[in-house]
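Biologist: I would like to learn how to read the features of a model with care, beginning with the whole chain and ending with single residues. Could we go through one together?

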Amino acid sequence: GLKLEEDGGSRGALNDDPNVTMETTTTTCHACYQLWYAHDAVPSTPIDQCYQDNASSSIKPMPVNGQDNVAYASNSSAESAVQDGESFQRDPLWTLLSKMRIIPRLAQLVHHSKQQMSMDQQELLQLPPEGLKALCGILALVAQRSPGAASSIAQHENLIVNLVAIALGQGEISEASSSSSAILPVVVLLSVLARQSNVAAEALQGATEDLLTRLLTVKTTTAPVDGGSRSGNKNDGIVSAQRWTLILWRTLLRYGYATNLLEMVLTITISQHAVGSGRWPCEAELLSCLSVLLRNKPKEVSVEWMLGSTVHSGILVLEAVLKRILAVSTDYDTIVPRDVLTLATCLDFLRLSEEQGDGSTASKSSGEMANAINKDTIRTKEALSTLVSEGFVQYAFQTTIRGFMLDARPPQSLLEAELEAAMCFFGDSYLALLRDYKSRVWVEDHLSVIGLLSETLRAEAQTSRHNEEVSGIVVRHLDLPRRAWRNRCHASILMGLLSQGTDASLVVLGSVLALIGRFQLGDEAAAYDLLEYVPKVVGKLEISQSISELAGMLLRSLTLSKENLSQLKHSRRINEYEGYTKEEFELLSLRTFMAGPSIKSTGMPLPLGRYWLWKVLAGSTERTQEESDARIPYSFLRVLDAACRTIVELEAAALSGQCCYGTEVNAGGKLYYTVNLCLQEEELLQHDEILEMADSLLSQYIAQFSQSSAATFLLECSSHAVGIKDDIEPLTAEEQKIKDWLTGGTTKTMKDVTNFMNDLCTAYTEYGAQYGDFFTRCVRVFLLPAFPPKFRCGVLKRLEGLLHLLTVEVEDDDALSQSLQTYLQIPGFRSVLSEGDAEWLDSLAGLFPKGCAFRPDMKFIQSLAICFLAGDLVQSATGSEDGHFHVARQRLEQFDSKLALDCIKLSLIVTTSRSKGGKTISRYVKSCIGLLNKTMNVSVPDLNDTGWSAVLDTLRSSAA
């Protein structure tokens, strides 16, 4: 089958892996989002990103008669060709399908299939279930990539009608019938179409009514045993069809359509399925539909009355599912997703019912009715109290908060993903219940529950998840749907803490900053509300002013233009956040991005990426008319200062164990964006306070710079160079190319990093060297041993004649010793002195050729060269490779005589002092500085053949 990838990996690519299922099955993560998170605004790749950089596409724009941007010409008319090209650019897939008449041909195929079915002529053309599934899959894929195609499919005069007729068939549908294999693909297809646009949803009302009428009358009383979607029970197929039909209805209800079907649905479900008895496995989907109706605030009195009449059934469902949950209270890890989902939808429905009430329903009702309402309230409070006392709420908090700082461990199975989605929905529902002043009274001592949530978040913030990261070959980025349900749940958690009087500690602040980096297109409303609230509660933090400055910057970006504002409103609508009215902004689509001819996703502020706070250091600003005279607007300086102060505070909190947000972000990416501060305008480098903070950060990141950090540094540099907004994580296909380069290959990334290094060196030589130690240390970053030797050689060549500037004046011998050690050893690995890369050693030796005159203020680069050449000499003498010592001898014979002598002395000192213990790197560095300062010495024989033989013997005997 074919599956359309929407995980941000291969944008717009069609995966032809036969093991990948189609969109019309219930095992894709998009289906998981609707089934188990009970939300229909399924995150999707923006249309304008679907066709970018797609290597599988052979269609290239070409000029026709002098006109550019024309994809192809349908006739000899240049005007027609231009129109075709413009149409292709607006909606490429739909334009091609229109020219190929794919949809009419598929519709004709379905029409003939229906005709043959009605005539019962089996020997003629009739689609088998597999063919129907494939056809629906094709249409679903097309609809997701083209809103125009989705509307055309939904509005076709007979395509949908015929598909539904084929799916439902002529006979009666029963629990044991096999017709569900034809029904399910059609129903899922309709839900995909309805998500794409208001127009498509409106056209599907008739088909939805037919499906509800036929399918809900089928009695299904045995729930799947594992609560998932693969239990193997005989009625699983029809149950899935019923679930998806209710989801289809729920999708239409989001637009305000099909509300007239409520009475029919309630009549059938109450009479046929005894809702509230716990025997119908589709109760969660029904309650979620009713919740959508309540959110739409229905004006029809009959609808309000019918919704109110179902509250008692909702309480029965709550009690039934609570009983099943308590049955596994000794091991909540065995809980099934179905029970969690039912509990979450039930709480959501009861909260909305209470919220819609006027608070005086009981007093206005008859005595018997008022008594019943009061009893229902007591039963609800008792059920919620049991959830807390039996530890389920705490378990749910721990499950949803896990990986808050860094999503390191994706689900390892579909069942695990289903449970995570359902738990996140429960977290949303439960925290919404605590925030609402009416339903909050159902939870006794709700502040203690908030305290429990705060402690759970604190424990997670102090737990590193790096050791749980999974290879990208198995699981790449979190796919968009999973990011979405986690982002929404985590936003609810933080708003729950902040809105209930919890002071914004560094733990909460770090959590907010981590979440802002993970927000995707469609999360604008959650980001806006969180950013608006945080500055109000950070008063006790020393960096409160900095947080307010950063929040203000991000809030301005979310409302910077009409397009951004439209996307923000769209986000509120699809995520059902407060702050909108239907008259103000009608729901036009359930896609996460509000596309338009002038609206491009690349112009949106989200996503920011996990390095967003460090990216501020590499940012730029557009001057307003009032600021045009100033070289750097004061507001920009305030933002840079705020970012530096916030990062310094968070890194300190990470080192002290308060909050691990800083350590969960790879040092390579952080170092890259910190170094970018050097490329800001020269005026900025005059602000000593900013540079001092950046210098302290630089030292931390250099000390943590491992080989994985180098790979991340290179990838972030490459992505930054082309303006990609998504973080490129390690262990992807691109990273493999980087690893190839790390071992000697070449890629485009090498060019990007080389260009960056050249820009930095140019800025350094032109003006940067005068601005203190920070700029110098940034240039020295490129000499770190985690980078490939070839790249380090390029840095030396680029700075030829200026290498004395790499010696920092304020570094005394102890500071220089500490600094040099970071250039001789990769954190977490052994010393690189023995790596023996000939090109690197030749480059170091070539800096000080025999007989040259060099400056006395080159202590840093001299020490680096002496340590590496001495290390190579020791390795050549004690190693097993023939001829290695001879090569090392030749290299030193071409080296400056005095420095060559120091290299030999250093090698002898290090090897003869090994028995005394201590770290080898430390001995190299301290002895080297002692030799240069003439505070240490050792006798060396004359360097003729006999002398070199004596050196070799001494080195070997000392090593032995």
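Predicted model: local features only at pLDDT ≥ 70, side-chain atom pairs only at ≥ 80, totals over all residues.

Biologist: How many helices and strands does the protein chain have?

Modeller: Helices (H or I, at least four residues) and strands (E, at least two) are DSSP runs, numbered from the N terminus. The protein chain has 43 helices and 4 strands.

Biologist: How many cavities of 30 Å³ or more does the structure hold, and what lines the second largest cavity?

Modeller: Rolling a probe the size of a water molecule over the atoms shows where empty space is left. Here a cavity is a set of points, on a 1 Å grid over the protein atoms alone, where a 1.4 Å probe fits but cannot get out, and lining residues have an atom within 4 Å of a point. Grid points are joined across faces, edges and corners, and a volume is the space filled by probe spheres set on the points. The structure holds 5 cavities of 30 Å³ or more, and the second largest cavity has a volume of about 70 Å³. Its lining consists of L509, V512, L513, I516, L531, V534, I547, L550, A551, L554 and W612. The elements giving two or more residues to that lining are α23 (506-518) and α25 (544-558). With Ala, Val, Leu, Ile, Met, Phe, Trp, Tyr, Cys and Pro counted as nonpolar, Asp, Glu, Lys and Arg as charged, and the others, Gly among them, as polar, the lining divides into 11 nonpolar, no polar and no charged residues.

Biologist: Which span should helix α20 have, given 1.5 Å a residue?

Modeller: The expected span is 1.5 Å times one less than the number of residues. For the 22 residues of α20 (residues 414-435) this comes to 32 Å, and the end C-alpha atoms are 32 Å apart, which agrees. In α20, 18 of the 22 residues are buried. Because 12 of the 13 residues of α13 are buried, it is largely enclosed by the rest of the structure. Just after α13, K297 takes a positive phi of about 50 degrees.

Biologist: Is R351 buried or exposed, and what does R351 touch?

Modeller: R351 lies in helix α16 (residues 337-356) and counts as buried because its relative accessibility is 9%. Leaving out residues up to four places away in sequence, R351 touches R295, A432, L433, D436, S439 and W442.

Biologist: Where is T592 placed?

Modeller: T592 is in the loop between α26 (562-574) and α27 (612-615), and it is buried, with a relative accessible area of 5%. The residues that T592 touches, beyond those up to four places away in sequence, include A41, P43, L521 and H570. P607 is found in the loop between α26 and α27, and the peptide bond from L606 to P607 is cis, with omega near 0 degrees.

Biologist: What is the phi of A258?

Modeller: A258 has a phi near 65 degrees, a positive value in a residue other than glycine. A258 lies in the loop between α11 (236-255) and α12 (262-273) and is buried, with a relative accessible area of 4%.

Conventions
Residues numbered from 1 in each chain as written. Heavy atoms only, no water. 1 Å grid on protein atoms, 1.4 Å probe; cavity = no way out; pocket = protein on both sides within 12 Å on 5 of 7 lines; lining within 4 Å. Buried < 20%, exposed > 50% of the residue type's maximum accessible area, 1.4 Å probe, protein only. Contact = heavy atoms within 4.5 Å.
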